[in-house]
Amino acid sequence: MGLSSAAFAQPGRRPPPPPQQTQWDSKGWQLLGEKTVDGHVDKDRIEVGRYEGRFNKLTVLVKDSDLEMIEFKIVFGDRTEYNPKVSQYFRENTRTKVIDLPPAEHVIRYIDFKYRNLPGGGRATIQVFGFKTGDNAGPGPRPPVVDWDSKGWTMLGSRDVDGRVDRDRIEVGRYEGRFSKMTIVVRDSDLELIDFAVKFARGPEWKPNVAHYFRENQRTHVIDFPGDERVIKYIEFKYRNLPGGGKAKVEVWAWKTDGTSAQSNKPVWDQNGWIMLGEQKVGGGRKGDRDRIKVGRDEGKFRQLTFVVLDSDIELYDVKVKFGRGPVFDPQIKEAVFREGTRTRVIDLPGDRRVIKTIDFAYRNLPGGGNARVQVWGK
């Protein structure tokens, strides 16, 4: 059962506003068609044709909900096909990179899609724009600037990505301190990350699993270091700018653990009156993970629960609450997607105050992200 936006509202406050609408310069771009994604998996076609003119690049806008793009195919007037590589997951009110059509301008016959709405969301709408060749060609679209809360983070360095394939190193060293996690911010253009390695002061080189493609003004998930806090010797990149864009800039940020940074577990909501009953790190792959938090009589009795998601996005399949007495309780928050730094609605437990024995989860990390943490709070 999906959650409405009210599910994330803090007690006594209004629900969070909807995502900011995508703003970009559409000069020179022409809307070729629009489709709404129906069902779990849907196939659609946008017919274009010779009368629309010739185009040398495309971009796709995603509106109204999140979307997983499974297949994307362009068929030209001469019946040749082109399957551009685009990211599989799109957030509401985002767009793809500018897609250059090979080798020059083309008449587009039709565009085929295979996609699905993400669990917990509504029905997404896509709009396809083509950039016409000729006198009306103008600058390509620019995505909105996406800011993030960098409080408590230390920027270790930045690099400009030069050439088709570029290699860079950011030297850090012991004097910078010890760190427990990092994140990477991509600015000014889209980027393909080919290889990424971290060398600590001790131990072998470490290569975290991060997404290969990044949009302009996007950042990676929070990347937890293996083991305890570490001294970073250097960070190495192999990457390239994507066709049709400019030169990307990469910023590397890390979280200090020696007391000079803010607390990593800063609250994402008002915790007054609540008790944290336990925390689990979401493991597993595409098949997901199952975990149990044991509570017990010593913690007391509770009337309400809420779950907080930290460090990455998750998809929650199922939750079961077992009390000291009585049947198992299902709070009905199945197949819901939770973003990093959000929490569920306040869940009222049946009956009076109850002793909680165990809380069982079935969930998974979303593709392209890291390992999320789920905290359970009771009141």
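Q: By class, how many nonpolar, polar and charged residues are in the lining of the second largest cavity?
A: In this predicted model, the lining of the second largest cavity has eight nonpolar residues, no polar residues and no charged residues. The general idea behind such a reading is that rolling a probe the size of a water molecule over the atoms shows where empty space is left. Here the space in question has a volume of about 30 Å³, and the residues that line the second largest cavity are I184, V186, L191, L193, F214, F237, Y239 and V250. Strand 13 (178-187), strand 14 (191-200) and strand 18 (230-241) are the elements that each give two or more residues to this lining.

Q: How many cavities of 30 Å³ or more does the structure hold, and which residues line the largest cavity?
A: The structure holds two cavities of 30 Å³ or more, and about 40 Å³ of space lies in the largest cavity. F307, V309, I314, L316, F338, T344, F361, Y363 and V374 form the lining of the largest cavity, with strand 23 (304-310), strand 24 (314-323) and strand 28 (354-365) as the elements that contribute two or more residues each. By class, this lining has eight nonpolar residues, one polar residue and no charged residues.

Q: Why can strand 23 be called largely enclosed by the rest of the structure?
A: A residue is counted as buried when its relative accessible area is under 20%. Six of the seven residues of strand 23 are buried, so strand 23 is largely enclosed by the rest of the structure.

Q: Which strands do bridges join to strand 23?
A: Six bridges join strand 23 to strand 29 (residues 373-378), and these two strands run antiparallel. Strand 23 is also joined by two bridges to strand 27 (residues 347-348), again antiparallel, and by two bridges to strand 26 (residues 342-343), likewise antiparallel. Individual pairs can be followed in the model: Q304 has D348 in strand 27 as its bridge partner, while V309 has V374 in strand 29 as its bridge partner and stands opposite T342 in strand 26. Both V309 and V374 are among the residues that line the largest cavity.

Q: Is R240 buried or exposed, and with which side chain does the side chain of R240 make a polar contact?
A: R240 has its place in strand 18, and with a relative accessible area of 14% R240 is buried. The side chain of R240 makes a polar contact with the side chain of E192, at 2.5 Å. Leaving aside residues up to four places away in sequence, R240 touches V161, R164, V165, L191, E192 and I194; of these, L191 is also one of the residues that line the second largest cavity.

Q: How far apart are V185 and W253 in sequence and in space?
A: V185 and W253 are 68 residues apart in sequence and 7.8 Å apart in space, taken from C-alpha to C-alpha. V185 lies in strand 13 and counts as buried, at 2% relative accessibility.

Q: How many helices and strands are there in the protein, and what share of its residues count as buried?
A: There are zero helices and 29 strands in the protein, and of its 379 residues, 48% count as buried. Among contacts with a separation of 6 or more, 81% are accounted for by residues 24 or more positions apart.

Definitions and conventions:
Residues numbered from 1 in each chain as written. Predicted model: local features only at pLDDT ≥ 70, side-chain atom pairs only at ≥ 80, totals over all residues. Heavy atoms only, no water. 1 Å grid on protein atoms, 1.4 Å probe; cavity = no way out; pocket = protein on both sides within 12 Å on 5 of 7 lines; lining within 4 Å. Points joined across faces, edges and corners; volume = space filled by probe spheres on them. Helix = DSSP H or I, 4+ residues; strand = E, 2+ residues; numbered from the N terminus. Nonpolar A, V, L, I, M, F, W, Y, C, P; charged D, E, K, R; others polar. Buried < 20%, exposed > 50% of the residue type's maximum accessible area, 1.4 Å probe, protein only. Pairing = 2+ DSSP bridges. Polar contact = N/O pair within 3.5 Å; in protein donor to acceptor, adjacent residues only side chain to side chain. Contact = heavy atoms within 4.5 Å.
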